[in-house]
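User: Hi! I am new to reading protein models, and I would like to learn how to look at one feature at a time. Could you guide me?

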Amino acid sequence: MCSPVIDFNACLRKRLVGLFEKASFLSHSCTPNAIVVVSPTNHRIEVIAGRPIFKGDPIYIDYDYTGDLRNRLEHRNFLTCNYFFNCKCTLCSDPTEMGLFLSGIICTKCKRRGRQGVIAPTDPLNMENSWQCRKCGFERTYAAVTKVVADATNMLGSSVGNYEQIVEKVRNSILPPFNTVVMQAELSTVKIFTNEDFQTTCKPDNKSVDFLKTAMRKRLDILELFYPSMDRRIGK
Ligand SMILES: [Zn+2]
Ligand SMILES: [Zn+2]
């Protein structure tokens, strides 16, 4: 009987589970303005503001700490399946996803004309509806967009040895630089470069080091834009 109440409202820290009466009412946002911290010594919960919160403003926390690099549709489906709501936060309601086009694909029509256009959902809260280039109006179906993203994902995962080149290729011609698939691939590449075994057998060259720095800077930029500064993902 009480299991769903625990599942949806409790805070989990190591082997302890705590149900906090007031904190359990905090709402979710993909760009939260607060974080929750449970003390490891007295097990009290603290809700800490991470941005200015004025009287009457809602306090938002992030329910999905692993979702920032997940495909946007998967991320929203995760919230729907696990918490039973359709997220309509600032980020989810914005067709440009704060100007970053996390789910967008490059417009081939604009590209042929030497322009840079990104195809994004016309209704971000119903991504299965039509998608359209923000610059030229070229329309793609959701199925077509999904196929482009799936092909790009396969291309990125097809060869670890050529990862860097593939990431560059996809980033410039198929998906915009902040698309979550590109960001995931960059992070996987960084993990390979920073792996101890890789570093002892294959010293990264200057190009690889530059790639690594750029990838990490991008990652930090996006985390700082979306989350309060003391969020554990930022690591300050
Ligand atoms: Zn959201
Ligand atoms: Zn276009």
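Analyst: Let's begin with two packed helices: H7 (residues 180–194) and H9 (residues 206–226) pack at an angle of about 130 degrees, with axes 10 Å apart. Axes are lines fitted to C-alpha atoms, for helices over the stretch in contact, and angles run from 0 to 180 degrees between N-to-C directions. Helices (H or I, at least four residues) and strands (E, at least two) are DSSP runs, numbered from the N terminus. That angle makes H7 oblique to H9; under 35 degrees counts as roughly parallel, over 145 as roughly antiparallel, 65 to 115 as roughly perpendicular and the rest as oblique.

Please keep in mind that this is a predicted model, where local features need pLDDT of at least 70 and side-chain atom pairs count only at pLDDT 80 or more, while totals for chains, interfaces and linings use all residues. Residues are numbered from 1 along each chain as its sequence is written, and chains are lettered from A and ligands numbered from 1 in the order in which they are written.

User: Which residues in H7 and H9 meet?

Analyst: Two residues are in contact if their C-beta atoms, placed from the backbone, lie within 7 Å. On the H7 side these are Met183, Glu186, Leu187, Thr189, Val190 and Phe193, and they meet Ser208, Leu212, Ala215, Met216 and Arg219 in H9. By class, this contact has 7 nonpolar, 2 polar and 2 charged residues. Here Ala, Val, Leu, Ile, Met, Phe, Trp, Tyr, Cys and Pro count as nonpolar, Asp, Glu, Lys and Arg as charged, and the others, Gly among them, as polar.

User: Which residues of H7 are buried?

Analyst: A residue is buried if 20 or more other C-beta atoms lie within 10 Å of its own, exposed if 12 or fewer, and partly exposed in between, with C-beta atoms placed from the backbone. In H7 the buried ones are Thr180, Val181, Val182, Met183, Ala185, Glu186 and Thr189. Across the chain, buried residues make up 22% of the 236 residues.

User: What can phi tell me?

Analyst: Most residues other than glycine have a negative phi. Glu97, however, has a phi near 50 degrees, a positive value. Glu97 sits in the loop between helix H3 (90–93) and strand S7 (105–106), and is buried, with 22 other C-beta atoms within 10 Å.

User: Where is Phe101?

Analyst: Phe101 is in the loop between H3 and S7. Phe101 has a positive phi of about 50 degrees although it is not a glycine, and counts as buried, with 21 C-beta neighbours inside 10 Å.
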